[in-house]
Amino acid sequence: MGKLVVLKFGEGSFDQGFPVTLEIGEEHERAATEITGKLPSFPEMPLYYSHWQSSYRQIGNRYRLHADQMQVTNVSMTQDCENTSHILRARFNTWLRAEEFRPLREKWLERLSSTEEVRVILQTENSQLQLLPWHLWDLLERYPKAEIALSSPSYDRIPKARTPNQLVNILAIVGNSQGIDTQADQALLQQCRNAEVSFLVEPQRKELTDHLWGKNWDILFFAGHSSSQKNGESGRIYLNKTDSLTISELKYALKKAIENGLQLAIFNSCDGLGLARELADLQIPQMIVMREPVPDQVAKEFLKYFLQAFAGGESLYQAVRQGRERLQGLEDRFPCATWLPMICQNPAQIPPTWDELRSTTNDEISPNVALPPRRRFQTTLLSSLAITALVCGVRLPGLMENQEIQAFDLMMRSRPAEKLDPRLLVITIDDDDLATQRQNGESLIGASISEKSLNKLLVKLNQSQPRAIGLDIYRDFKAKQPDLITRLQQTQNLIGVCKGSDGTANIPGIKPPPEIPIENLGFSDFIHDRDGVIRRHLMFMNQEPTSLCPAHLAFSLQLASLYLGIQPKFTPEGNLQLGKTIFPNLKSRTGGYQNIDANGGQILLNYRSPKEIAQQLKLTEFLSSPVNPSAIEDKIVLIGVVAKGDSPDTWPTPYGVPLDEQMPGVLVQAHMVSEILSAVQDGRPLLQAWSLWAEVVWIWGWSLIGGVLAWRRLSLPWLALAVGVSSSVLYVVCFSLLIWGAWVPFVPSALSLAAMVSWMSIYNSKETRLIASVPESRERGN
C-alpha cells in the first residue's frame with residue numbers, strides 16, 4: 001500500500017518564513033505521524049523564480065498561449081534559461097535544508113522507504129510557494145515512485161450521484177489552435193482503450209455549456225490556447241478565434257459536471273495555475289495543468305506518455321511522473337520541459353485508476369479503490385497465512401480426517417478401471433461350490449474346501465506349472481489324507497496363510513497349515529480404518545511373542561516375491577525394497593491420516609479396478625473341465641472363498657461399505673499382489689502423500705486463490721460461481737494427481753479457499769465503509 005504525505009503551510013511569507021506541518025500515513029487512512037517545523041525567511045526566493053520565469057519566457061517557442069501573445073521569433077536564450085534554472089534549484093534546496101526544517105526532513109526519511117509509492121500533497125494558499133519547482137526537491141528525488149501535487153487548505157468532498165459508465169467518458173475541447181497542432185492531441189485521445197471521446201472543436205459558449213450539463217463525464221480535456229490572469233488568481237481559455245471564457249463564466253456547468261462524477265480535468269495548454277485555482281474552488285477531484293507557457297511539441301509528447309501510462313494501468317500520480325520525466329529527452333530544444341506538468345489535488349478525493357474511472361458506482365468509494373494493489377496484496381498475503389494456519393490447526397488433530405477419507409474414496413471410485421492383471425488367476429469358492437462338495441459327500445469341517453478337492457486342485461494346477469499358488473484359506477489343523485499331506489509339504493511354489501495375534505483386542509490369531517514350511521507362509525492380516533474400510537496394505541510386521549502365526553511377511557508379498565524371483569530387502573530407513581523399487585512406509589501423519597497406527601510396513605492400497613482384478617474361475621468349473629495350460633503357466637493362482645452364505649470373508653473397501661457391496665478377501669489379496677507386481681515390473685505409481693510442508697504450501701496456495709477471487713470484488717452470484725468453478729478445478733487437479741499416485745489435500749484446500757473468500761469479502765466491506773468515513777473526518781479536522 002502506498003503512503004500519503006501532506007505538507008501544510010500556515011500563514012507566512014518569504015519575508016517572515018512559513019510554519020509547516022508534516023503528516024505521514026498509509027494511503028486512505030488517517031495520518032499516523034505528524035510533526036511541525038518551520039521554513040525560515042528567504043526574501044530572495046521569489047526573485048530567483050522571477051529571473052528563471054523571465055528567461056524561460058524569452059526563449060520564444062511556439063507556446064499554447066493566446067495567439068496574439070505568441071512570439072514568432074526564437075531568441076537564442078537557452079543557455080540563460082538553463083543557468084537561471086540551476087541557480088533556482090540550488091537556492092531552493094538550500095532553503096529546504098534549513099536547520100528549522102531539519103526535523104521534518106529527518107522524520108520523512110525515517111518513515112518513508114524509497115521503494116514505496118508516495119503521494120505528496122502541498123497545501124498552501126501562497127501562490128508564490130505553489131510556483132516553486134517542488135519536483136526538484138533533493139529529498140523528493142530520492143523516491144522514484146513519489147510525485148507532488150498542489151492543494152488549497154480549504155476543500156470539500158463532493159458526494160457523487162453518477163451513473164456507472166461502461167467506458168471512460170472524455171469530453172475533449174479543442175479550442176483556438178492558431179499556430180499549434182491540436183490534431184495530435186485528438187489522435188492520442190482516440191487511441192485510449194475503453195474510452196468514449198466526444199470532441200468539441202472551437203465550440204461556441206452555449207454548445208460547451210450544454211455538453212457539460214448533458215452527460216456524466218469522467219475526464220474533461222482542453223487543448224488550445226490559455227493563460228492566467230490577475231497574478232495567477234484566475235485563468236482564461238480561448239474557445240475559438242473570437243470567444244474566450246474564464247472558469248467563473250462556466251461555473252454552473254462545471255459544478256454540475258463535478259456533481260455528476262467528473263474526476264479529472266486536463267488542461268494541455270499554457271499557464272494553467274490560474275485555471276487550477278478557480279477549479280479548486282469548485283472542488284474538482286484532480287487536475288493536470290502546465291505551470292508556465294508550454295511549447296506545442298512538449299504538450300503533445302506529455303499527453304502521449306501520460307495517456308500510455310495512465311490507460312496502461314499506472315496510478316494517476318505515477319503516470320504524470322512518467323510523462324513528465326520522459327520530457328527530458330526534449331530539453332536540448334525546450335529547456336525545463338520537465339518542470340511544466342503539475343497535479344492539483346482535492347485531498348478529500350481519492351485519485352482513481354483508468355479502470356476505476358469506468359467502474360465507479362454511486363458509492364463514493366469504488367470497489368478497487370478501497371484496497372489499493374499493494375495494500376490488497378499485503379492484506380491477502382497475511383490473511384491467507386492466517387487462514388492456512390487455522391485450517392492446518394484444525395486438520396492436524398484429525399478433525400477433518402473423516403471428510404478427507406470420504407473425498408479420497410470418492411476419487412478412488414471415480415478413477416477409470418484398469419485392465420485385468422494378466423499375471424493373476426483367481427479360483428473362487430462360492431456358495432454353489434460349497435453345495436457341490438457337500439452333495440459329493442466331501443467333508444468341509446474347519447475349511448471351505450475338502451481335502452479331496454484341494455488335493456485334486458493342486459495336482460491339476462501343478463500340471464500347468466504356475467509360478468506361485470496362494471492358498472488364502474485357513475487350515476489350522478493337520479490334513480488326514482496322506483496324498484494331501486505330501487502335496488502340501490512338497491509343493492515349493494505353494495504359499496499358505498496364517499493370522500497374527502492382537503493382544504490389545506484379545507485376538508490370539510490363527511495357526512498356519514502345519515504341513516507347509518514356515519518359509520512358505522504369509523500373514524493374511526488386513527489393516528482397516530476406523531470405519532472398517534481397507535485402504536492400507538500391510539506388507540511386513542513383527543509378530544507378537546505369543547502369536548500363533550510365525551510369518552513376518554504378508555501373503556501378498558510372499559506371492560509377489562516368489563513370482564518375481566526377488567528376495568525382499570530393507571533400506572537403512574526400514575523401507576521394503578524389491579529390486580530397484582522401494583516401498584516407503586506410511587507415517588502416522590500421511591495425507592488425510594493424522595494419527596494412525598503406522599507400525600509395520602504399510603503402504604496405501606492402490607486398487608486396480610472396482611470390479612474384476614483378474615480372470616476368475618469357479619472351483620467346480622475348474623475341477624470338472626479341461627483347462628488350457630497357458631491360462632495357468634507362469635501365473636500366480638490365488639485360491640479363496642467368495643461365498644456369502646457360510647461365514648463370508650468380505651471386507652469394506654472404497655468401492656463399497658454395505659455387505660452386498662463388500663469385496664471378498666481373496667480379491668483384496670489379489671489387488672495387493674497386483675499392486676506390488678505393477679510397481680516393480682510396470683512402474684505403476686504407488687499411492688503416496690506429500691510431505692507436511694508441501695501440503696501446507698498447497699493449502700496456502702488455494703487460500704491465496706480465494707483471496708484473489710475476493711480481490712476482484714465480484715457480485716455475490718458471480719463470486720459464488722467463481723468459488724464453485726475454482727473448487728471444481730481443485731477437485732479435478734487433486735483427482736488427476738491421485739491417478740498419477742499423489743494423494744494431495746482436497747478438503748483442507750477447498751475449506752481454505754472458501755474461508756478466504758468469506759473473510760476477505762467481509763474485510764473488503766468493512767474497509768470500504770471505513771475509507772468512506774476518512775475523508776469526512778479529515779474535512780472536519782481542517
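Predicted model: local features only at pLDDT ≥ 70, side-chain atom pairs only at ≥ 80, totals over all residues.
Two strands pair if DSSP finds at least two bridges between them.

**Entry 1: a pair of strands**

I looked up strand β16, residues 468-471, and strand β26, residues 636-641.

**Entry 2**

In which order do the strands of the open sheet stand? I recorded the order β18-β17-β16-β26-β15-β25, which makes 6 strands with parallel pairing. The edges are formed by β18 (521-523) and β25 (615-618), each of which pairs on one side only. On average, neighbouring strands of this sheet are turned by 25° against each other, direction ignored.

I then turned to a helix at this sheet. Helix α15, residues 431-439, lies across β15 (424-429) and β25. I noted that α15 runs at about 55° to β15.

**Entry 2: a covered helix**

How many residues of helix α10 are buried? Helix α10 spans residues 316-325, and I counted 8 of its 10 residues as buried, so the helix is mostly covered. The buried residues are L316, Y317, Q318, A319, V320, R321, G323 and R324. I next examined what covers them. The cover includes the strands β4 (118-123), β5 (146-151), β12 (264-268), β13 (286-290) and β14 (341-345), together with helix α9 (296-311).

**Entry 3: residue L340**

I located L340 in the loop between α10 and β14. Is L340 buried or exposed? Its relative accessible area is 0%, and L340 is therefore buried, since the cut-off for that term is under 20%. Leaving aside residues up to four places away in sequence, I found that L340 touches Y56, V289, M290, R291, E292, P293, V294, P295 and V298.

I also compared the position of L340 with that of I636. These two residues are 296 residues apart along the chain, and their C-alpha atoms are separated by 89 Å.

Which residues make the nonpolar surface patch of about 480 Å²? I listed L714, W718, L721, V725 and V729. Of these I followed L721, which lies in helix α22, residues 716-739. L721 has a relative accessible area of 48% and is partly exposed. The value of 48% falls between the limits of 20% and 50%, which is why L721 is called neither buried nor exposed.

Key
Residues numbered from 1 in each chain as written. Heavy atoms only, no water. Patch = residues over 30% accessible without salt bridge, like charges linked within 9 Å, V, L, I, M, F, W, Y side chains within 5 Å. Areas by Shrake-Rupley, 256 points an atom, 1.4 Å probe, with all protein chains shown as cover. Salt bridge = Lys/Arg side-chain N within 4 Å of Asp/Glu carboxyl O. Helix = DSSP H or I, 4+ residues; strand = E, 2+ residues; numbered from the N terminus. Buried < 20%, exposed > 50% of the residue type's maximum accessible area, 1.4 Å probe, protein only. Axes fitted to C-alpha atoms, helices over the stretch in contact; angles between N-to-C directions. Contact = heavy atoms within 4.5 Å.
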